[in-house]
Amino acid sequence: EDKVDRDSKTVELAEKTSSELNSLSLTNDQLSECVHLLITHALSSTTGNQSREISELGKLFSRPPLTTAFLSALASHTLPTLGSLESTYMCVKSNLSVMIATALCDQVLGFGELSVPLRHGSHYPLFFLCMQHVARMRSPEWLRENLTQARLSLIDMLPPAHQGDERTPKE
């Protein structure tokens with residue numbers, strides 16, 4: 001099965017799943033919990049297809065109503081349990097950063113929205129792993145433009161102990 005065929009099947013499945021979720025009339029909290037379970041399942045996968053599953057899940061989140069549920073699930077379910085997930089599964093931040101980067105590249109998630117729960121080094125180095133993947137998926141220039149538009153200070157994304165003067169660029 002070639003990549004183009006697999007990608008079109010993924011898009012078709014994402015559209016069908018999104019449509020079916022809309023018809024269920026789930027509350028935002030229920031949808032958020034469902035998305036968190038999907039994220040956790042992808043992070044816990046031990047198959048050789050984990051990276052593909054994570055990428056495909058990112059595409060699913062680009063469809064309404066999962067777009068807003070993704071951010072809600074991250075903020076209220078996934079990030080608060082990140083420590084537990086990391087003690088149970090391998091490469092959680094790396095894999096989660098791919099999902100988040102996909103959402104950023106597809107403009108499902110904004111840089112400003114992502115920065116709020118990760119400010120002051122919360123879940124460090126998750127924010128910077130996301131930026132690394134975004135630069136690879138799009139381009140360093142695209143990343144720089146979006147960070148500038150969002151008016152993000154990268155220093156603010158570091159843990160407080162690393163925000164000292166020696167890290168601040170000199171003029």
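Axes here are lines fitted to C-alpha atoms, for helices over the stretch in contact, and angles run from 0 to 180 degrees between N-to-C directions. The structure is a predicted model, in which local features need pLDDT of at least 70 and side-chain atom pairs count only at pLDDT 80 or more, while totals for chains, interfaces and linings use all residues. Residues are numbered from 1 along each chain as its sequence is written, and side-chain values use heavy atoms, with hydrogens and water left out.

**View 1. The pair of helices α7 and α8.** Helices (DSSP runs of H or I with at least four residues, numbered from the N terminus) α7 (111-118) and α8 (residues 126-137) have axes that come within 10 Å and cross at roughly 155°. The two helices are therefore roughly antiparallel to each other, a term used for angles over 145 degrees. Their contact (heavy atoms within 4.5 Å) is made by Phe111, Leu114 and Leu118 of α7 together with Leu126, Phe127, Cys130, Met131 and Val134 of α8. These residues divide into eight nonpolar, no polar and no charged, where Ala, Val, Leu, Ile, Met, Phe, Trp, Tyr, Cys and Pro count as nonpolar, Asp, Glu, Lys and Arg as charged, and the others, Gly among them, as polar.

View 2. Most peptide bonds, by contrast, are trans.

View 3. A cavity is a set of points on a 1 Å grid over the protein atoms alone where a 1.4 Å probe fits but cannot get out, and its lining residues have an atom within 4 Å of a point. The search of the whole structure finds one cavity of 30 Å³ or more, and the largest cavity has a volume of about 40 Å³, taken as the space filled by probe spheres set on the points, which are joined across faces, edges and corners. Leu71, Leu74, Ala75, Leu79, Ile100, Leu109, Leu114 and Pro117 line the largest cavity, and the largest share of this lining, three residues, comes from α4.

**View 4. Two residues with positive phi.** Cysteine 91, in the loop between α5 (82-88) and α6 (92-105), has a positive phi of about 55° although it is not a glycine. Arginine 151, in the segment after α9 (140-150), has a phi near 55°, and at 77% relative accessibility arginine 151 counts as exposed (over 50% relative accessible area, with a 1.4 Å probe and protein chains only).

Key:
1 Å grid on protein atoms, 1.4 Å probe; cavity = no way out; pocket = protein on both sides within 12 Å on 5 of 7 lines; lining within 4 Å. Parallel < 35°, antiparallel > 145°, perpendicular 65-115°, else oblique. Buried < 20%, exposed > 50% of the residue type's maximum accessible area, 1.4 Å probe, protein only.
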